[in-house]
Amino acid sequence: MLRAVIKKEILNHLVSFRFQISSIVMLVLAVLAAIVGSQDYRLRQARYLEHLTAHQQEMGRTHVYSNLHPSVFKAPEPLSVLDRGFDARLGNQVSLDVFTFPRPTVSGSHGEDWISVGDFDLTTIVRVVLGLLALLLTFDTVSGERERSTLRLIFSHSVARWAVIAGKFLGAFLALSIPLLASFGVSLLILREFGDVELDSGRWLRVIGLLGAYVGYLAVMLLVGIHLSLLSRSSSSSLVYSLVSWLAIVFLIPQSAVAVATAVHGGGALRSHRLVLDETTRERDRKFGELSSEFLKEHDPPFQAPVADQTARRGNLLRLGSPSLYDGRVEYFAREVEVGIDFSTRMEQIHLRGDEKLRQAETLARILASPSPAFLLDRISESFAGTSYDDHDRFLAASRQYREVFIEYLETKNAFRSWRWFTDDSPNAPQPWTTLFGVQPEQIAAEDIQSFIDKFQSEEAQDRIGELKLQFASDPERRLDLSDLPAIKLSGVSPMQSARRVAIELGVLFLLGPLLATSAFYRFAKYPVR
Amino acid sequence: MERVTEPQTAILRSSSGDEQQALEMSSRQPRVDMPPTMRTLLEIFRRELEIAKEGFRFRLVTLLILVLMVVSALISSAQYHAEVASFEDALASYAAELEGSTVADMAASIGHPAIKPPWKLGFLVEGEQLREPNVYRQSLSPWAEPELGRLQAENPRLYAAEPLDWLFVIRVVLSLAAFILGYDAFCGERQLAMLKMSLTYPIARWHLVVAKVAAGWVCLAVPFLVGSLLSLLLLSFYQGLQFDSGDWFKIAAVMSLGLWAAFIFSLVALLVSVASREAARSLAVLVFIWLAAVVIIPAAGSLVVALVRPLPTQLETEQRSLDIRQAVEHAGPGHWRPKELAQQDDFAQERKAAEKQNERFEKQEQLRREVASRRFERLHWTRTLGALLPMVLIQDLAERLVNSGPYRSQSFLEQGWRFRDILAEYTLELDMSDATSPHVHFVKDFLSTEPLDAAEVPRFEFDEPSRRELLERSISRLLALSSMMVLLLIAVLVLFNRKDLQ
């Protein structure tokens with residue numbers, strides 16, 4: 001008998017206008033989202049590779065340790081086509097140095113925009129369209145039949161009430177599985193064809209998890225619709241309840257939760273965190289200023305060397321060819337690095353404390369929004385897709401860990417206390433000052449400076465400087481040998497880890513189903529048929 | 001939907017009961033102060049209102065609107081106060097930085113912030129102002145790249161796609177409410193043969209349309225107005241927000257827009273209701289229209305525009321910037337020397353070097369501005385694409401009227417760019433008045449070392465457009481919305497006049 005009810009329900013749904021139009025809308029949207037998402041993924045992948053290649057070339061051209069800033073990259077996640085999550089919104093490159101704690105910079109396609117382009121992916125379609133469709137298919141499943149007196153007709157056959165309600169649920173569930181599976185399958189196909197992606201076994205398992213989350217959400221939304229139908233005496237009121245519930249589940253509850261959490265934990269925490277960070281930055285800059293005036297003055301050459309280069313992030317490339325000046329600088333730079341590492345550690349601690357407060361706000365939002373199956377679906381699908389904030393956290397944690405490895409590497413190379421921190425000159429290498437002027441910079445008397453400048457600005461000297469620069473830049477002896485620099489290890493997330501991260505959300509979503517089902521059986525058992 | 005029959009018990013009850021008698025009675029009573037058409041209209045309107053008022057849909061919608069508007073007021077004021085604190089911190093920090101500085105510091109060391117003031121009317125039209133950059137820091141030194149960022153960094157872990165403001169209530173809630181209230185206005189009555197019955201009375205069809213539109217509008221307008229007033233009272237008296245006349249103009253504009261939008265949404269609901277044969281089908285169509293207008297078109301539109309009008313990649317921009325640097329720096333002489341030495345030829349080399357650096361900066365700045373302008377241009381394209389739908393049009397109009405959303409962000413950035421000229425002019429004047437300065441602009445070691453009067457340094461002031469400018473900017477959208485309204489009204493009237501009521 002259950003099978004007969006299921007068959008009747010499926011057939012009813014399949015021929016209904018609302019099912020057909022919603023399924024078509026869902027499928028069209030899924031195709032559009034998958035095409036746009038795949039193109040976006042390819043674009044991000046291309047930019048990621050561009051940055052990676054540029055970075056590797058840059059590393060290969062590095063001459064001194066102070067200019068060595070290895071980067072940690074996070075490749076765009078292919079499953080972001082199904083759920084964009086935070087993947088394109090947050091930075092995917094962390095450039096490391098000893099003076100600052102690891103912070104991500106952006107090298108996505110949309111992530112670098114100030115103006116968001118919106119998140120339009122399969123999860124959004126399932127959350128919004130399939131959620132609505134589930135309610136539209138079930139709002140009159142009981143109340144409608146009661147109004148038309150067909151419920152009495154059903155009960156005139158020897159059919160148990162549980163079989164009727166279970167049949168209605170399963171019928172709607174199976175009917176809606178068709179557009180869901182079709183959209184899912186088409187999206188995967190487009191991802192493969194347009195996104196040029198071959199999924200590995202781990203990702204396939206995560207894809208199954210993602211599908212499981214969609215199916216769980218669908219079941220819960222159907223049960224909500226059946227409940228509303230059982231609660232209302234008429235289909236019209238049930239329909240209105242369904243629409244308002246959908247609005248609340250999909251938009252109002254998650255947004256209000258985020259807004260309340262922002263209002264409660266937002267301003268004050270962020271402000272105090274920022275003030276402490278600003279104060280520490282000022283203190284660090286003061287310290288650097290003191291160091292600079294204490295050490296550098298006495299070792300400064302009479303005027304800036306023509307082939308010396310200062311770059312950002314306290315990186316220096318000096319080519320003065322003056323052992324006494326270099327020896328003076330070693331002491332200064334060693335002290336500078338010491339202060340820099342100390343402050344970066346302090347700032348990292350401040351940042352982590354601030355991040356803890358941001359996590360508290362996130363936890364509050366999670367608790368407040370947990371009654372919304374749509375919010376639960378978002379969290380779960382982001383985790384399975386590998387586009388959640390937790391994935392970003394993993395990337396940052398790996399970057400922090402790698403920075404420690406990098407500093408250790410520099411220490412084993414004695415980089416902080418050697419010439420190589422700031423110069424690629426060595427006693428045996430050609431030295432621009434001595435080559436050009438035949439003297440070392442500190443040997444120039446004050447009265448001779450103008451004649452040196454005149455020499456320096458002559459066409460001949462300028463040509464020679466250009467040649468030297470090229471010669472030095474292409475000289476492999478002057479480049480750092482980084483063959484023993486440990487490589488960064490970024491491991492992927494296993495499907496089990498993905499599930500474990502959202503265990504609470506999974507628990508709530510899959511608990512809601514049996515709870516709603518039990519409640520529906522109970523209510524339907526007492527439902528007045530007349 | 002086929003299985004749905006809409007009983008409309010309220011109509012049956014009222015039409016066959018007291019309301020119907022009242023309608024008959026009132027139409028028989030002679031009233032000298034009102035023309036008969038007006039009287040008929042009023043009576044039908046009253047009947048419609050009475051029916052709606054008693055229905056649970058109206059109560060549900062009212063409750064939803066009121067709760068949302070109160071919550072929105074409380075949340076946005078908390079966010080506003082947090083922004084004010086950050087704003088004041090930033091100003092105080094800037095003032096401290098200026099204190100004890102020299103003209104040279106002012107020119108080349110200090111990053112002068114152009115700060116967008118906290119958006120007090122965030123409860124009205126937030127327009128992503130809590131996510132958009134609100135500080136543009138720039139130094140006059142050709143080596144300092146301007147920085148665009150946010151003072152009050154948002155919690156990146158909390159990502160809400162939509163802010164809860166009045167515009168959200170208008171666009172998302174009022175539209176859905178209008179559809180819920182009006183989907184069966186005609187087809188529901190027709191299914192129950194109530195329309196035929198109503199038209200047995202001496203009334204024209206258009207009377208019925210006008211009365212239904214008016215009743216539908218009032219059912220939306222009243223909760224919206226009450227919600228707005230509650231929200232304003234909370235903000236003014238409980239949260240202590242002070243509004244000036246410019247703010248009141250914008251508040252009034254958004255309130256009027258809300259009322260106007262309610263009217264348009266009612267018309268859309270009635271149009272679909274007139275065109276549909278069944279109430280269930282009418283609601284299904286309206287729900288899809290709503291879904292398309294609120295969720296699908298804005299999201300899909302922005303993605304399509306992003307693909308059609310892509311921005312240069314970060315690497316491309318960096319490469320162009322590097323090309324500029326190389327082209328300018330390799331051209332011509334110029335060199336930096338210690339001040340004492342450079343004095344001998346009146347800083348001739350330094351002047352040439354500074355000129356090159358300034359030229360390089362100007363070109364790179366031009367590139368940055370070009371990329372920024374293209375971002376805004378892309379957003380305007382998205383809006384134009386979606387402007388055929390009332391919800392997108394209303395959003396765009398609201399943002400134009402109150403100067404929020406991309407209009408505020410773009411205006412801020414452009415004002416930030418102009419602020420550089422003001423700073424340059426002021427610094428130049430100070431430097432030129434110091435005879436001991438080498439006047440190599442704007443290179444720190446070759447400028448006046450005279451102390452700065454911090455209080456006199458020009459501060460960035462964000463210029464809000466005047467009411468006239470706001471209206472001028474909105475006129476095309478106002479006309480579009482008016483045309484949409486007139487077309488909808490005509491469509492409803494024509495369709496209902498031709499409708500077979502069998």
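Leu174(B) touches Val169(B), Leu220(B), Phe224(B), Gly258(B), Ala261(B), Ala262(B) and Phe265(B), leaving aside residues up to four places away in sequence. Two residues are in contact if their C-beta atoms, placed from the backbone, lie within 7 Å.

The model is predicted: local features need pLDDT of at least 70 and side-chain atom pairs count only at pLDDT 80 or more, while totals for chains, interfaces and linings use all residues. Residues are numbered from 1 along each chain as its sequence is written, and chains are lettered from A and ligands numbered from 1 in the order in which they are written.

Leu174(B) and Leu218(A) have the most contacts inside the largest nonpolar core, which has 178 residues. A second, separate core of 28 residues includes Ala104(B), Ala353(B), Leu430(B) and Val443(B). A nonpolar core is a set of buried Ala, Val, Leu, Ile, Met, Phe, Trp, Tyr and Cys residues joined through C-beta atoms within 7 Å. A residue is buried if 20 or more other C-beta atoms lie within 10 Å of its own, exposed if 12 or fewer, and partly exposed in between, with C-beta atoms placed from the backbone.

Chain B has 502 residues, of which 44% are buried. In chain A, buried residues make up 42% of the 530 residues.

Chain A contains 17 helices and 5 strands; chain B contains 17 helices and 3 strands. Helices (H or I, at least four residues) and strands (E, at least two) are DSSP runs, numbered from the N terminus. The C-alpha trace of chain A spans about 115 × 45 × 35 Å along its principal axes.
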